[in-house]
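I opened my notebook to look up a few places in one protein chain. My entries follow the structure.

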Amino acid sequence: MVKEPLLIIGSKQYEFDKENLRAHLQKSGLTQITGIDISSGDGVDEIADITDSNSEFVNNHRNFFATIICMEVLTHVKNPFRAAESITKMLGDNGSVILSECYVRKISKMPVDYWRFTYEGTKQLFSSFEFDDSRAMISYTRDKSGELLPFAYPMPQILEGRHPDESGIGNFIRKLHRKFFAKGLFRLSRLFPETTIYSVARKKPGG
C-alpha cells in the first residue's frame, strides 16, 4: 500500500504530537521520504505551499510520488480545492493518497481553522481519484482505546446512557437538551464527539 517515493504534507513536528510519523515509516523500512510544510521545523525538508499554483516544489514534482500522506492539513488551508489540485499533480498514476480530516472538532489555531470535511466532501475534492470505501475509518476522542473504527453513516452520537468520561451534571444537561431542544426549537444537536475521518484513494491513470 505505502510505496516510495513518499511525500508527507504538513510534516512539521510539534511538541504535542503523540507520534513521529516519519520515524514510524522509517521503522517500516521506508527511506525515500520527503516532508513539506509552510514553515521550517523538525521533519521539514522543503518549505512549500500547496495552495500556490506557481509552487516550484509542486511543479518540479509532477507525477513523482507513489504515496502522499496528508493528515489534518486541508482544514487549515484557505483554498482546499487548489491544494487538492497540487496533490493530484504530484501523485503518479496508480499512486495512493492517505488522508485524514476532522469532521467535528473545536476551532484549532494552527495557524487558522477554515473547513470541515465529510467523507463525500473529500471525494469531491479528489474527484479524479478512486476511493476505497472498505478502508475508510473513523476515530472519536471519547473512544479511549485509540483504535480506528470502520466508517459508517450516520455518525453515532453519545450513547443514550451516561458515558464513562461524562460527569453526572453533564449527563443530566445532555438529557434535557435531547428531550427539549434537539428536535425542538433549534433543530440542532451538539452531542457529537470530536471526530476524524480517514480515507485511502488511488489516482487513476490520466487522472
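**Entry 1**

I began with N94, which lies in strand β5. Helices here are DSSP runs of H or I with at least four residues, strands are runs of E with at least two, and both are numbered from the N terminus. The model is predicted: local features need pLDDT of at least 70, side-chain atom pairs count only at pLDDT 80 or more, and totals for chains, interfaces and linings use all residues. Residues are numbered from 1 along each chain as its sequence is written, and side-chain values use heavy atoms, with hydrogens and water left out.

I looked up the backbone of N94. Its phi is near 65°, a positive value in a residue other than glycine. Is N94 buried or exposed, or in between? I noted that N94 counts as partly exposed because its relative accessibility is 45%. The cut-offs are these: buried is under 20% relative accessible area, exposed is over 50%, and partly exposed is in between (1.4 Å probe, protein chains only).

S96 is also found in strand β5, which covers residues 91-104. S96 has a relative accessible area of 10%, so it is buried. Which residues does S96 touch, leaving out those up to four places away in sequence? I listed M1, A66, T67, I68, L91 and A201. A contact means heavy atoms within 4.5 Å.

Next I went to the loop between β4 and α3, where E72 lies. E72 is not a glycine, yet it has a positive phi of about 60°. E72 counts as partly exposed because its relative accessible area is 25%.

T75 has its place in the loop between β4 (65-71) and α3 (80-90). Is T75 buried or exposed? T75 is buried, because its relative accessible area is 0%. I wrote down its contacts beyond four places in sequence: E101, C102, R105, D113, Y114, W115, R116 and F117.

**Entry 1: α3 and the cores**

At the start of α3, I found a side-chain oxygen of N79 within 3.2 Å of the backbone nitrogen of F81. Which residues of α3 are buried? They are P80, A83, A84, S86, I87, T88 and M90.

Then I looked up the largest nonpolar core, which has 32 residues. L7, I9, I68, L74, M90, V97 and F126 touch the most other members. α3 gives the most to this core, with four residues. Apart from it lies another core of seven residues, including L6, L25, I33 and I69. A nonpolar core is a set of buried Ala, Val, Leu, Ile, Met, Phe, Trp, Tyr and Cys residues joined through side-chain atoms within 4.5 Å. A general point goes with this: in soluble globular proteins, nonpolar side chains tend to be buried together.

I checked F126 on its own. F126 touches L74, A84, I87, T88, L99 and F131, not counting residues up to four places away in sequence.

**Entry 2: out on the surface**

F16 has its place in the loop between β1 (6-9) and α1 (21-27). Its relative accessible area is 54%, so F16 is exposed.

P150 lies in strand β8, residues 149-150. P150 is exposed because its relative accessible area is 63%. P150 touches A136, M137 and I138, again not counting residues up to four places away in sequence. How far apart are the C-alpha atoms of P150 and S139? They are separated by 8.8 Å, and the two residues are eleven apart along the chain.

**Entry 3: a cis bond and the whole chain**

I looked up the peptide bond from E4 to P5, which is cis, with omega near -5°. P5 has its place in the segment before β1.

Last, I stepped back to the whole chain. How many helices and strands are there? I noted five helices and nine strands. From the N terminus on, the elements run β-α-β-β-α-β-α-β-α-β-β-β-α-β. Of the 207 residues, 39% count as buried. Among contacts between residues at least 6 apart in sequence, 68% join residues at least 24 apart.

Key:
A polar contact is a pair of N or O atoms within 3.5 Å; within protein, one must be able to donate a hydrogen and the other to accept it, and residues adjacent in sequence count only if both atoms are side-chain atoms.
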